[in-house]
Amino acid sequence: MLHIFLLFSLIFTSTNVLAQDFCVANTASGIVTPSGYPCIMEANVTSDDFAFSGLGVPGNTSNIISAAVTPAFVGQYPAVNGLGLSAARLDLAPGGVIPMHTHPGANELLYVVHGHITCGFISSANKVYLKTLKKGDVMVFPQGLLHFQINAAGKRPSLAIVTFSSPSPGLQILDFALFANDLPSSLLEKSTFLDDAQVKKLKGVLGGTG
């Protein structure tokens, strides 16, 4: 029994020695792996590295979608590196919309701070899950599924805070994926069932070519 006790003691001690509490990202390294960025030296980490003030600043909603997203991903908030979470602020002016999009790398949880936000996502079986949220409500959006948020009925701005299950959730906006590239219009027309005028109009609005 003594040798078993000593073995477990050795394993426990080794695990504690090798355990790492955090890995504040060295974003200046230019090295990114599937597991994240390399760490800056712990001796150079300060309390300021673990705090982020960006979500307290309203985003500029004077744009084509009347909305703004302020991210607190690993690129803006290096302390979340390797911790499996991140956050963002959503500002939606009346009529503002976060267009249909997906996060390939994370689940999303949205919390409404004030206002009303109509949210929805589409499952892989093409079933729509739609809900209008009010202050204090939350809604979850499973990883990789198309979803959106819109301040459709509100006469005042709406604000939400979202959290993600990854420091780098990724983002692909459907409209931009389709019409903000150089894919030939003839192929888009065949694959989307839109006519030439509609495709050219959307490419013109979103900056696409071809």
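Colleague: Which hand does the crossing of H3 and H4 have?
Modeller: The crossing of H3 and H4 is right-handed. Keep in mind that this is a predicted model.
Colleague: Thanks! Which residues make that contact?
Modeller: On the H3 side there are Ser-185, Leu-188 and Glu-189, and H4 brings Asp-196, Val-199, Lys-200 and Lys-203.
Colleague: And how does that contact split by class?
Modeller: The contact of H3 with H4 has four charged residues, two nonpolar and one polar.
Colleague: What about the geometry, at what angle do the axes cross?
Modeller: Roughly 115°, and the axes of H3 (residues 185-192) and H4 (residues 196-206) come within 9 Å. Angles of 65 to 115 degrees count as roughly perpendicular, so that is how H3 and H4 sit relative to each other.
Colleague: Changing topic to pockets. How much space lies in the largest pocket?
Modeller: About 250 Å³. Its lining has 19 residues, and those nearest the centre of the pocket are Val-69, Leu-90, Ile-98, His-103 and Leu-171.
Colleague: Which elements give two or more residues to that lining?
Modeller: Strands E1 (67-72), E2 (86-92), E3 (97-102) and E9 (158-164). E1 gives the most, with four residues.
Colleague: What's the class make-up of the lining?
Modeller: You'll find 14 nonpolar residues, four polar and one charged.
Colleague: Last one: where does Val-128 lie?
Modeller: Val-128 is in strand E6, which covers residues 128-133. Leaving aside neighbours within four places in sequence, Val-128 is in contact with Phe-121 and Ile-122.

Conventions
Residues are numbered from 1 along each chain as its sequence is written. This is a predicted model: local features need pLDDT of at least 70, side-chain atom pairs count only at pLDDT 80 or more; totals for chains, interfaces and linings use all residues. Side-chain values use heavy atoms; hydrogens and water are left out. Axes are lines fitted to C-alpha atoms, for helices over the stretch in contact, and angles run from 0 to 180 degrees between N-to-C directions. Angles under 35 degrees count as roughly parallel, over 145 as roughly antiparallel, 65 to 115 as roughly perpendicular and the rest as oblique. A crossing is left-handed if the near helix is turned anticlockwise from the far one by less than a right angle, and right-handed if clockwise. Contact means heavy atoms within 4.5 Å. Ala, Val, Leu, Ile, Met, Phe, Trp, Tyr, Cys and Pro count as nonpolar, Asp, Glu, Lys and Arg as charged, and the others, Gly among them, as polar. On a 1 Å grid over the protein atoms alone, a cavity is a set of points where a 1.4 Å probe fits but cannot get out, and a pocket is an open set with protein on both sides within 12 Å along at least five of seven lines; lining residues have an atom within 4 Å of a point. Grid points are joined across faces, edges and corners, and a volume is the space filled by probe spheres set on the points.
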